[in-house]
Amino acid sequence: VEIPEMFAGYVEEENAAIDAILDHALKDCYLPGGFDGYLSGDEDYLLQQMCAIWYVLQQSKIRYSNATDVPGSAACVRVQNVRFFDQVLAASQANCVEGTCLLASIYQRFNLYPYLILRPDHMFLGIGNAQGDLTYLLETTMIGSVDLDTCSTDEEKWEASKANFKAALEAGLEEFEEVKLHLDAGDPYYSVINLRAVRAVIPSINYGSVRVDSKGQIEWMK
């Protein structure tokens, strides 16, 4: 039995840390309309909002980390360790699921339509258009593939981040072509999770119940 919809519990659009990320993006990126989601009706502006978040997370030095093993788990059961939003920010590391859920959390906060796209041993992100139809595909592990510290000016950093974001969109689109073939064939190990639809029955796991320290370790749970 596959229950990939449970990954929606790790998307935390209510997390208070998102406010600081949005404020940072507004200060560092040219967003004259703010984070208005689809309201502008301009695809370029929509992508600029998405890229601004990508840029801020790169400034925070978020890196890809393939930390997924669960000690003591049975070989016949497909499981994966997933850190919470605050833990990922504190550690500045994210595996594919964590990075996808992190971005989905922020994008859903300003009313985009995120999709969690799974294939065996990997997850990446989809974003719908204004009607909610899956349109943009994003390979989230590429967020750590650019070191902005090697750039001399803020303008160079922004341009490097935009180029990396565009490459991640192209990589996501290419990956989805394979996923779609398996979806059409009814392969249970491939799935597309519409977060808005699943959210009606699966809330964020730890909203209001978890506190972590500066190293991302859980201090207490209600």
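Y107 is buried, with a relative accessible area of 0%; buried means under 20%, exposed over 50%, and partly exposed in between, with a 1.4 Å probe and protein chains only. The model is predicted, so local features need pLDDT of at least 70 and side-chain atom pairs count only at pLDDT 80 or more, while totals for chains, interfaces and linings use all residues. Residues are numbered from 1 along each chain as its sequence is written, and side-chain values use heavy atoms, with hydrogens and water left out.

**Aromatic rings**

- The whole structure holds 6 aromatic pairs, where rings of Phe, Tyr and Trp (its six-membered ring) pair if their centres lie within 6.5 Å.
- Planes under 30 degrees apart count as stacked, over 60 as edge-to-face and the rest as tilted.
- Y107 and F110 form an edge-to-face pair, because their ring centres are 6.0 Å apart and their planes stand at 80°.
- F110 is buried, at a relative accessible area of 4%.
- A cluster linked by ring pairs contains F35, Y107 and F110.
- R196 lies over the face of Y113, 4.3 Å from the ring centre; a charge sits over a ring if NZ of Lys or CZ of Arg is within 6 Å of the ring centre and within 35 degrees of the ring normal.

**Cysteines**

- The count of disulfides is 0, a disulfide being a pair of cysteine sulfur atoms within 2.5 Å.
- C29 is in no disulfide, and the nearest cysteine sulfur, in C51, is 7.3 Å away.
- C29 is buried, at 7% relative accessibility.
- For C101, the closest cysteine sulfur is that of C96, and the 9.3 Å between them is too far for a bond.
- C101 is also buried, with a relative accessible area of 2%.

**Positive phi values**

- K61, a residue other than glycine, has a positive phi near 65°.
- K61 sits in the loop between α2 (43-59) and β1 (63-64); helices (H or I, at least four residues) and strands (E, at least two) are DSSP runs, numbered from the N terminus.
- K61 is partly exposed, at 37% relative accessibility.
- D121, likewise a residue other than glycine, has a positive phi near 70°.
- The loop between β3 (114-119) and β4 (122-128) contains D121, which is exposed at 71% relative accessibility.

**Segment before α1**

- M6 is placed in the segment before α1 (17-28).
- M6 is partly exposed, with a relative accessible area of 46%.
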